[in-house]
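Here are my notes for you to read next to the model.

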Amino acid sequence: MRGGQAENPSAGEILAAIVASPGEEVVVLPNNPNVKLAAGQAAEMADRPVRVVPTRNAAEGIAALLEVDPGAGASGNAEAMLEAGRAIQTLLVTEAVRDAVVSGRKVRHGQTMALDPDDGLLAADDDHGRAVLAGIAALEPGFSLVTLWYGDGADLDDAERLARLVQEAWPAVEEVEVRHGGQPHYRYLVSVE
C-alpha cells in the first residue's frame, strides 16, 4: 500500500487490504502516527479479528515483524510486536519546505531536519550529514547498531558516506548498516538499537 505524509491510506483502503488478506486474523502496522486512526476504524469494520500495532515508521514495523509467532494469532502477537517496535529508537530526515517553527525552534526553508517518530525536531542544519549526526546524538546513548534506510533525495554513495561519518562519531558502534528503504519524502529513516 502506498504511503507518505501526502498519501495516507483511508480506512476504506486499509479495510480493502484486510478483506483481501487470506489470514483468519490480521495485524495492521500503520507505520505512521497519522494512519493509526484510519487503521483502527478499518479494524472495527473488518469481518475477522484485527489488531492494530501502532508502529510509527517502517523501521518500527520491521522490528515488530521480527517478533511474529505464526501460531499465536493477531491478539497473541500484538503486545510483543509493539514492544519490539518501540525497543528501537528512530528518526526521520527530511527537508524543510518553508520557514517554520518546529518544536519551538526556527527552521529555514531548505534546511535538513531530523525528526523523532512523533514529528518532534531533534536537529536542523544546512548540511544533511550534520543534521543526521546531531539527530542521532539526541537519542538515548548505548546503541550498538545503526541502520540508515535511504530514500528520496539520497543514493547509495551518499548513504555510505553518511555511514562512515556515523562510525567515526560513534566508534563503539559495532555496525552501521545501509539499506535502500525507498521511502518518499524522507532522505533517511535512521534506526538505532
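**Notes on a predicted model**

1. Arg161 and Asp158 form a salt bridge through their side chains, with N to O at 3.9 Å. Keep in mind that this is a predicted model. The cut-off for a salt bridge here is 4 Å, so this pair is counted. Arg161 and Asp158 are three residues apart in helix H6 (residues 156–169), so about one helical turn separates them.

2. One of the links is the salt bridge between the side chains of Arg86 and Glu60, at 3.4 Å from N to O. Arg86 belongs to helix H4 (residues 73–87) and Glu60 to helix H3 (residues 58–65), so this pair ties together parts that are 26 residues apart in sequence.

3. Arg86, at 37%, counts as partly exposed.

4. Another pair sits in loops. Asp126 and Arg108 make a salt bridge whose closest N and O atoms are 2.7 Å apart. Asp126 is in the loop between strand S7 (121–125) and helix H5 (128–137), while Arg108 is in the loop between strand S5 (105–107) and strand S6 (112–115). The two residues are 18 apart, and the pair links distant parts of the chain. Asp126 is exposed, at 53% relative accessible area, and Arg108 is partly exposed, at 44%.

5. For the overall tally, how many salt bridges does a search of the whole structure find? The search finds nine. The pairs picked out above are among them, including Arg86 with Glu60, Asp126 with Arg108 and Arg161 with Asp158.

6. Now the strands, with S6 as the one to follow. S6 is covered on both faces: Thr112 and Ala114 are buried on one side, and Met113 and Leu115 are buried on the other. Strand S3 (residues 89–95) runs antiparallel to S6, and four bridges join the two. In this pairing, Val93 stands opposite Ala114 in S6.

7. S6 also pairs with S7. Four bridges join these strands, which run antiparallel, and Leu115 stands opposite Leu121 in S7. The S6 and S7 hairpin has five residues between the strands. Have a look at Asp119 there, which takes a positive phi near 70 degrees.

8. Last, helix H2 (residues 36–45). Which of its residues are buried? They are Ala38, Ala39, Ala42 and Ala43. These residues cover an arc of only 140 degrees around the axis, which puts them on the same side of H2. Leu37 and Glu44 are exposed on the other side of the helix.

Definitions and conventions. Residues are numbered from 1 along each chain as its sequence is written. This is a predicted model: local features need pLDDT of at least 70, side-chain atom pairs count only at pLDDT 80 or more; totals for chains, interfaces and linings use all residues. Side-chain values use heavy atoms; hydrogens and water are left out. Buried means under 20% relative accessible area, exposed over 50%, partly exposed in between (1.4 Å probe, protein chains only). Two strands pair if DSSP finds at least two bridges between them. The arc is that of the directions from the helix axis to the C-beta atoms.
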